[in-house]
Amino acid sequence: MTEGTLADRWRAARPPVAGLHLDNAACSRQSLAVIDAADRHARNEAEIGGYVAAEAAAPVLDAGRAAIAALCGTPDAEVVFTTGSLNALDLLLGSWPAERRRVACLPGEYGPNLAMMAAHGFDRRLLPTLDDGRVALDDAALMLDEDRPDLVHLTALASHSGVVQPLSMVAQLCVELGLPLVVDAAQALGQVDCAVGADVTYASSRKWIAGPRGVGCLAVRRELMERLRPRLAAPEWAAASTVAQQLEFGEANVAARVGFSLALGEHLAYGPRAVRARLAEVGRISRAALADVPGWAVVEEAEEPSAITTLAPVDGADPQAVRSWLLAQRRILTTFVGVQRAPLELTAPRLRISPHVDATEEDLEIFAEALIAATAATGG
């Protein structure tokens with residue numbers, strides 16, 4: 001992958017987009033190679049049998065696991081394929097060994113994550129934050145030292161905000177305090193540097209890595225993995241199964257895992273640092289283009305190093321109606337951010353855009369003009 005700019009190569013590797021895709025934080029566009037890889041595996045299942053095809057795909061899946069471990073900064077981690085981020089958190093919390101279940105997390109924690117913590121009997125304690133939702137490190141250090149939780153759960157980059165948490169500093173703090181750090185990298189993997197050596201990192205395929213839907217990953221340090229107690233214990237006939245194998249036990253869409261593994265390989269080939277730099281640049285372009293749109297306020301600082309930009313209505317605009325109008329009238333795909341995404345922090349809905357590396361200044365100018373029209377048309 002050496003010819004053309006990163007944006008050119010990314011765009012050329014994918015089918016032509018039907019409209020303007022500004023929703024990669026929800027679901028990125030897969031490359032033709034990823035689509036073909038999943039298709040070839042499905043055909044292989046039909047030709048030689050599903051289990052034989054899965055065995056043949058083992059080297060590809062192992063390469064995907066190794067890529068995940070490397071991107072998380074834990075090359076010795078054991079990696080489990082899941083159906084997505086929430087499934088990964090479910091597997092982890094359902095297997096957590098401690099009887100005393102206390103978790104420290106941010107006030108801006110993802111709503112479904114909060115529900116999963118509650119479902120598994122974890123008591124929640126909120127970490128102190130700055131005005132923008134970023135963790136206040138000094139205050140957090142004091143709180144964690146005085147009243148130690150069983151784990152610290154950090155969503156490195158939320159779905160309702162483009163604010164990047166200081167992941168490496170939180171990781172160092174947890175090492176100093178001897179606390180397990182669990183990182184929700186659903187929005188972070190492929191967008192910001194996640195190679196901080198957290199005890200656990202989990203993520204989805206479909207967002208910034210641009211793999212298929214319905215697959216994700218759970219990377220756990222080996223020593224912690226051995227302490228987990230899966231709800232579905234190994235039966236007598238499979239007593240030799242590892243903890244990771246027990247967590248991954250059951251039916252699986254192997255074709256999606258193959259596609260995810262290839263997408264990870266593509267990400268590494270593009271160069272994670274180059275991708276991160278370009279996404280940060282796209283975020284700056286987005287905020288500059290939207291800074292003066294009437295009726296909306298850009299939530300993030302202009303230089304925030306992420307491609308997620310959220311817009312808060314200031315004059316009565318309805319983000320859900322605007323999102324629907326943009327899609328129906330201009331074929332522009334954005335995200336309606338309801339308060340359920342961060343019920344402890346959000347007080348009103350927002351509109352979100354999340355362009356990938358192939359977005360251009362012209363794309364963002366087109367969106368800004370369309371947003372003005374959508375706001376007027378929907379009564380904002």
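**Helix, charge and fold**

Analyst: Glu361 belongs to helix α14, which covers residues 361-377. The coordinates come from a predicted model.

User: How many helices and strands does the secondary structure of the chain come to?

Analyst: Helices need at least four residues and strands at least two. On that basis the chain has 14 helices and 13 strands.

User: What radius of gyration does the chain have, next to that of a compact globule?

Analyst: Along the principal axes, the C-alpha atoms fill a box of roughly 65 × 60 × 35 Å. Buried residues make up 54% of the 380 residues. A compact globule with 380 residues would have a radius of gyration near 21 Å, and the chain agrees with this, at 21 Å.

User: How many salt bridges does the count come to?

Analyst: Side chains of opposite charge can pair when their charged atoms come close. The cut-off here is a side-chain nitrogen of Lys or Arg within 4 Å of a carboxyl oxygen of Asp or Glu. By this rule the count is 17 salt bridges.

User: Asp150 forms a salt bridge with Arg100; how many residues apart in sequence are the parts that this pair ties together?

Analyst: The closest N and O atoms of Asp150 and Arg100 are 3.8 Å apart. Asp150 lies in the loop between α7 and β5, and Arg100 in the loop between α5 and β3, so the parts tied together are separated in sequence by 50 residues.

User: Is Asp150 buried or exposed?

Analyst: Buried means under 20% relative accessible area. Arg100, the salt-bridge partner of Asp150, is partly exposed at 43%. Asp150 has 16% relative accessibility, so Asp150 counts as buried.

User: Arg221 forms a salt bridge with Asp199; where does Asp199 lie?

Analyst: The closest N and O atoms of Arg221 and Asp199 are 4.0 Å apart. Arg221 is in the loop between β8 and α9, and the pair ties together parts 22 residues apart in sequence. Asp199 is partly exposed, at 23% relative accessibility. Its place is the loop between β6 and β7.

User: What is the phi of Ala210?

Analyst: Most residues other than glycine have a negative phi. Ala210 is in the loop between β7 and β8 and is buried, at 0% relative accessibility. Its phi is positive, near 65°.

User: And what is the phi of Arg331?

Analyst: Arg331 is in the loop between α13 and β11. At 52% relative accessibility, Arg331 counts as exposed. Its phi is a positive value in a residue other than glycine, near 55°.

Note on methods:
Residues are numbered from 1 along each chain as its sequence is written. This is a predicted model: local features need pLDDT of at least 70, side-chain atom pairs count only at pLDDT 80 or more; totals for chains, interfaces and linings use all residues. Side-chain values use heavy atoms; hydrogens and water are left out. Buried means under 20% relative accessible area, exposed over 50%, partly exposed in between (1.4 Å probe, protein chains only). The radius of gyration is taken over C-alpha atoms; the globule rule is 2.2 Å times the number of residues to the power 0.38.
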